[in-house]
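Hi,

Here is the structure I promised to pass on.

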Amino acid sequence: MTQTRTKARTAVAAGRESAFAERFALFAECLLTGVWIAVASLPVVTYPAAFAAGSRHLRRRTVHVGGGWREFTADFRLAVRGGWVAGLAGWAAALAVWVDVQAVRAGIPGGPAVGAVGLFALLGLAVAGLRAAAVWEPGASWRILLGAAGRRTVLDPAGSFLLVGGLAVVAVSAWFVPPLAVPVLGAVAAAALAVEERGRRR
C-alpha cells in the first residue's frame with residue numbers, strides 16, 4: 001500500500017513538473033517568436049504578415065506540430081503578398097492620428113475631441129489587425145479577415161481590452177527598456193490567439 005501511494009505521488013509530481021516544463025517552453029517560444037516578428041517587421045509595412053506568420057507558428061506549437069524558422073519564413077512570404085497593403089493602411093491611419101494630435105497641440109477648436117476619436121480608432125484598428133493575424137491561413141484574403149476581425153473587436157470588448165493591454169505592455173517596455181519590447185511582441189501574438197480561441201468557444 002505504501003509503495004502504491006509513493007508511486008502515485010511520484011506520478012502526480014512528474015505530471016506537474018511536465019506541465020510546468022511545457023508551459024515554460026511555450027513562454028520561451030513566445031519570446032523567440034517575438035524576435036522573429038520584429039525582424040520580419042523591419043521593412044515597415046510587413047508587420048501584419050509578420051504577426052500572421054508568428055501567430056501561425058505559435059498555433060502549431062500549441063498543438064504539438066513541429067515547425068521553426070523555415071516554416072515561419074514560408075508563412076511570412078505568403079502572408080506578405082496582401083499583408084503589405086494592410087500594413088500601409090495602418091501607417092496611414094497612424095499618420096492621420098498624428099495630425100489630430102498636432103491639431104490638439106495647436107489649440108484648434110474641437111481638437112481634443114477629434115484627437116480622442118482618432119486615438120480610439122487607431123487602437124481599434126490595431127486590435128482588429130491582431131485578431132486578423134491570429135486567424136490568418138495561407139490563401140486567406142486580408143480584406144475579409146480584417147472585416148470579420150473588426151466586427152469581433154466591437155462584439156467582444158473584453159477580448160479587445162485584453163489586447164489593448166498587451167499593446168500597452170509593449171509600449172511601456174519600449175519606453176523603459178527598448179530591447180524588451182522585441183520579445184514581448186510574441187506574447188502579444190499569443191494573447192491574440194487566446195482571445196480568438198476564447199471567442200470560438202463561447
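Predicted model: local features only at pLDDT ≥ 70, side-chain atom pairs only at ≥ 80, totals over all residues.

A polar atom of the Ser-173 side chain sits 2.7 Å from the backbone oxygen of Val-169. Setting aside neighbours within four places in sequence, Ser-173 is in contact with Pro-178, Leu-180, Ala-181 and Val-184.

Now the nonpolar core. The largest one has 35 residues, and the members that touch the most others are Phe-51, Phe-76 and Trp-142. Helices H1 (2–40), H2 (47–62), H3 (69–106), H4 (111–134), H5 (142–155), H6 (157–176) and H7 (181–201) each put in at least two residues. H7 gives the most, with eight residues.

Another spot to check is Val-97, which is in helix H3. Its relative accessibility is 9%, so Val-97 counts as buried. Beyond the neighbours within four places in sequence, Val-97 is in contact with Gly-118, Leu-119 and Leu-122. The C-alpha atoms of Val-97 and Gly-115 are 6.9 Å apart, although 18 residues separate the two along the chain.

Then there are the charges. Side chains of opposite charge can pair when their charged atoms come close. The count here is eight salt bridges. One of them joins Asp-75 to Arg-56, with the closest N and O atoms 2.8 Å apart. That pair links distant parts of the chain, as Asp-75 is in helix H3 and Arg-56 is in helix H2, 19 residues apart. At 5% relative accessible area, Asp-75 is buried.

Arg-56 also meets Glu-137 in a salt bridge, at 3.0 Å from N to O. Glu-137 has 34% relative accessibility and counts as partly exposed. Arg-59 forms a salt bridge with Glu-137 as well, the closest N and O atoms being 2.5 Å apart. Here the partners are 78 residues apart, with Arg-59 in helix H2 and Glu-137 in the loop between H4 and H5. Put together, Arg-56, Arg-59, Arg-60, Asp-75 and Glu-137 are linked in a network of salt bridges.

Last, the surface. Which residues form a nonpolar patch there? They are Leu-32, Val-35, Val-39, Leu-42 and Trp-69, with about 470 Å² of accessible area together. H1 supplies the largest share of the patch, three residues. Leu-42 is in the loop between H1 and H2. Its relative accessible area of 65% is over the 50% limit, which means that Leu-42 is exposed.

Over to you!

Key
Residues numbered from 1 in each chain as written. Heavy atoms only, no water. Core = buried A, V, L, I, M, F, W, Y, C linked by side-chain atoms within 4.5 Å. Buried < 20%, exposed > 50% of the residue type's maximum accessible area, 1.4 Å probe, protein only. Helix = DSSP H or I, 4+ residues; strand = E, 2+ residues; numbered from the N terminus. Contact = heavy atoms within 4.5 Å. Patch = residues over 30% accessible without salt bridge, like charges linked within 9 Å, V, L, I, M, F, W, Y side chains within 5 Å. Areas by Shrake-Rupley, 256 points an atom, 1.4 Å probe, with all protein chains shown as cover. Salt bridge = Lys/Arg side-chain N within 4 Å of Asp/Glu carboxyl O. Polar contact = N/O pair within 3.5 Å; in protein donor to acceptor, adjacent residues only side chain to side chain.
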